Amino acid sequence: MSSRAVRGAPRRTGPAATQRGGDHDRIEDPGKGRVIAAHGRHYVVQPDRGGSLLQCFPRGKKSEVAVGDRVSFEATSADQGVIVATDARRNLLFRSDQFKSKRFAANLDQLLIVLATEPHFSEDLLGRALVAAEAHQLEPVVLLNKADLLDALPLARKRVAFYAALGYRVVEVSATGAADATHATLTPLLAHRATLLLGQSGMGKSTLVNLLVPHANAATRDISSALNSGRHTTTFTRWYALPNGGALIDSPGFQEFGLYHLTEGQLERAFPEFRPLLGGCRFYNCHHLHEPGCAILDAVAQGHIAPARHALYAQLLHEASQVVR
């Protein structure tokens, strides 16, 4: 996947600010930047030209912005501005329920789903995260943390082996017990990619952020200050630049990660075990629920598709049909 959105603004010609960067000069538009945090309709923009973070508001009541967006802004003071335009996105993830959908992260390359040997992780939430990754063309990585807890490791390995068999990449680490090895394993995996970090409470997500982003606490304080608030340090989505290139996006509230905005077609294609069978049903508009001659249901009956995976598909399809429009 392209990582241009992670590495900064594209090269420009004509009158613009010039900043020394590495072995060459980088020319940047002084009115461009990236949204690196959001809380409500308050956004923090990191200008390409450097300098202080800006607290910005979108122009227009219906304008919505997401962390990771590349934006054009007009500064209204030394620390505030107005977002006047948003660049085209490569992808956009939503936090949604049956009543509303809210944009929360854009221009991503990868989804890092943090599980742990203990406490017990939710396979429903894991399945939903994998569906989101598939639907938005993100590379999903299942990260099994706390691999040093040997008593709980065999069961956790057995549970994630099912997803490895589906073709998903599974990586074992111990962020606390083997910090250096974890850093060495994850650094090349995250390099030059924008990676969204997701995980339930207790999985070790905060430990991973502090391990991978040496300045994470300071960056969070700077963002909180830009929002004019000493609170909300754990309730907003944050974009952290990584030392080796790329970015790590930390978003709270894994349980709120919804898929209500996906269409039926997007949902069925988000299950890799379904895809080879699509088009093989008796009816062209088959919903893969109760229809006769359904290739998906036949595969479930023959043991080629796990009943739990089909049940997740059916549940997501039901939830999408309940959306208040």
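This is a predicted model: local features need pLDDT of at least 70, side-chain atom pairs count only at pLDDT 80 or more; totals for chains, interfaces and linings use all residues.
Residues are numbered from 1 along each chain as its sequence is written, and side-chain values use heavy atoms, with hydrogens and water left out.

Let me begin with the site. An unreviewed UniProt entry places the feature "binding site" at Cys281, Cys286, His288 and Cys294; UniProt positions are in the numbering used here, feature names are shortened, and annotations may be inferred rather than shown by experiment. Cysteine 286 sits in the loop between helix H7 (264-269) and helix H8 (295-301), where helices (H or I, at least four residues) and strands (E, at least two) are DSSP runs numbered from the N terminus. Cysteine 286 is buried, with a relative accessible area of 6%, and histidine 288, in the loop between H7 and H8, is buried too, at 3%; buried means under 20% relative accessible area, exposed over 50%, and partly exposed in between, with a 1.4 Å probe and protein chains only.

What does histidine 288 touch, leaving aside its neighbours within four places in sequence? Its contacts, meaning heavy atoms within 4.5 Å, include Glu268, Cys281, Cys294 and Tyr313. With the side chain of glutamate 268, the histidine 288 side chain makes a polar contact of 2.7 Å, a term for a pair of N or O atoms within 3.5 Å in which, within protein, one must be able to donate a hydrogen and the other to accept it, residues adjacent in sequence counting only if both atoms are side-chain atoms.

Tyr313 leads us to the rings. Phe271, Phe274 and Tyr313 form one aromatic cluster, where rings of Phe, Tyr and Trp (its six-membered ring) pair if their centres lie within 6.5 Å, and planes under 30 degrees apart count as stacked, over 60 as edge-to-face and the rest as tilted. By this rule there are four aromatic pairs. Phenylalanine 271 and tyrosine 313 are edge-to-face, at 5.9 Å centre to centre and 90° between the planes, and both are buried.

Finally, helix H3: its buried residues are Leu153, Ala156, Arg159, Val160 and Tyr163, and their cover includes helix H9 (307-321).
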